[in-house]
Structures are given as C-alpha cells and as structure tokens.
Amino acid sequence: MGKCTIIGKISADATVGQAVLVNGQLCDETTIWNISAYGGESVVTTFTLENRSSHGFSISWDISTATDSEWNAGVYESDGTTTVSSPTWVAASTTKDWKFKIDFDKYITEGNYEIVLTFDFAP
C-alpha cells in the first residue's frame, strides 16, 4: 500500500480575542501537524480548545474536501467515536479536548495531502 504525508493545520480567527487558545496558542496563530500514514490507516490528533473568557461562543469549522474520496476527516469528542457537530457552542470558562480523525482509503498512493481544519468563531 502507498504511504502519504499529512500536512494538517488548525487556524482560527483572531476576532475572538486573547481569551481563546487552540493547543495553547492564541487563536490568531496556526497549529501544524506533519504525520505519516499508510493506506487504510486512521490518524487521530488530539487538540485542545480553551475558552478562558466569561462569555460563551459558537464555533464552526470547515474541513478541506478530499478528491476521489481518498480520505474522510471529522472532529470527535475525546472518546474518538462521538462526532462533534458544526457549529457547536463552547460555554464560558470551558476546555474542550477534541480529536481530529482522518480515515484513509486503502488505495492511496504515495504523496502529500494538505488537510486543513479552519475554525470560525461567532459571539
């Protein structure tokens, strides 16, 4: 089976202010993963969304689309099986430990995939 490299990133809009962190970074920064995977494998990356403010907000995300169904990606609760719907509400003073899971088709060939998870915050 082929092997590919996943170049994934989480980017978040800075308009939510300094009180929201993604993987410990201010939300105007980007978190990047470089992960190797083989065809048929699942890759799970844990990430943390921390709302340190006294206000809740709604968050939605957009995951880049696979061509020819070579992979399927989603955001899950910490159990890795329960899907987190988009949009979802993040209450004040809350920390969410989520998983970004990618399932690859068993027939992938060698190459790079840029899989992007982009957050959109709304008050």
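This note goes through a predicted model of a protein point by point.

1. Overall make-up. The protein contains zero helices and 10 strands. Read from the N terminus, the elements run β-β-β-β-β-β-β-β-β-β. Of the 123 residues, 39% are buried.

2. Contacts along the chain. Take the contacts between residues at least 6 apart in sequence: 75% of these join residues at least 24 apart.

3. Five strands form an open sheet in the order 3-2-5-9-7, and their pairing is antiparallel. At its edges are strand 3 (25–26) and strand 7 (71–76), each of which pairs on one side only. As background, the strands of a sheet pair through backbone hydrogen bonds, in either a parallel or an antiparallel way.

4. Strands 5 and 9. Strand 5 covers residues 42–51 and strand 9 covers residues 94–104; the two pair in the antiparallel sense over 10 bridges.

5. Strands 7 and 9. These two strands also run antiparallel, joined by six bridges. Here Val75 has Phe100 of strand 9 as its bridge partner. Although strand 7 is an edge strand, it is mostly covered, with five of its six residues buried.

6. Asn51. This residue lies in strand 5. Is Asn51 buried or exposed? Its relative accessible area is 1%, which is under the 20% cut-off, so Asn51 counts as buried. The side chain of Asn51 reaches the backbone oxygen of Ala91 at 3.1 Å. Leaving aside residues up to four places away in sequence, Asn51 touches Ala19, Val20, Gly56, Phe57, Val90, Ala91, Ala92, Ser93 and Thr94.

7. Ser93. One of the residues touched by Asn51 is Ser93, which sits in the loop between strand 8 and strand 9. Its relative accessibility is 57%, over the 50% cut-off, and therefore Ser93 counts as exposed. The phi of Ser93 is near 50°, a positive value in a residue other than glycine. Most residues other than glycine have a negative phi.

8. Which kind of peptide bond joins Ser86 and Pro87? The bond is cis, with omega about 0°. Pro87 is placed in the loop between strand 7 and strand 8 (88–90). Most peptide bonds are trans.

9. The nonpolar core. The largest nonpolar core has 26 residues, and the members that touch the most others are Ile59, Trp61, Trp71, Trp98, Phe100 and Phe104. Two or more residues each come from strand 2 (20–22), strand 5, strand 6 (57–63), strand 7, strand 9 and strand 10 (111–122). Strand 10 gives the largest share, five residues.

Conventions. Residues are numbered from 1 along each chain as its sequence is written. This is a predicted model: local features need pLDDT of at least 70, side-chain atom pairs count only at pLDDT 80 or more; totals for chains, interfaces and linings use all residues. Side-chain values use heavy atoms; hydrogens and water are left out. Two strands pair if DSSP finds at least two bridges between them. Helices (H or I, at least four residues) and strands (E, at least two) are DSSP runs, numbered from the N terminus. Buried means under 20% relative accessible area, exposed over 50%, partly exposed in between (1.4 Å probe, protein chains only). A polar contact is a pair of N or O atoms within 3.5 Å; within protein, one must be able to donate a hydrogen and the other to accept it, and residues adjacent in sequence count only if both atoms are side-chain atoms. Contact means heavy atoms within 4.5 Å. A nonpolar core is a set of buried Ala, Val, Leu, Ile, Met, Phe, Trp, Tyr and Cys residues joined through side-chain atoms within 4.5 Å.
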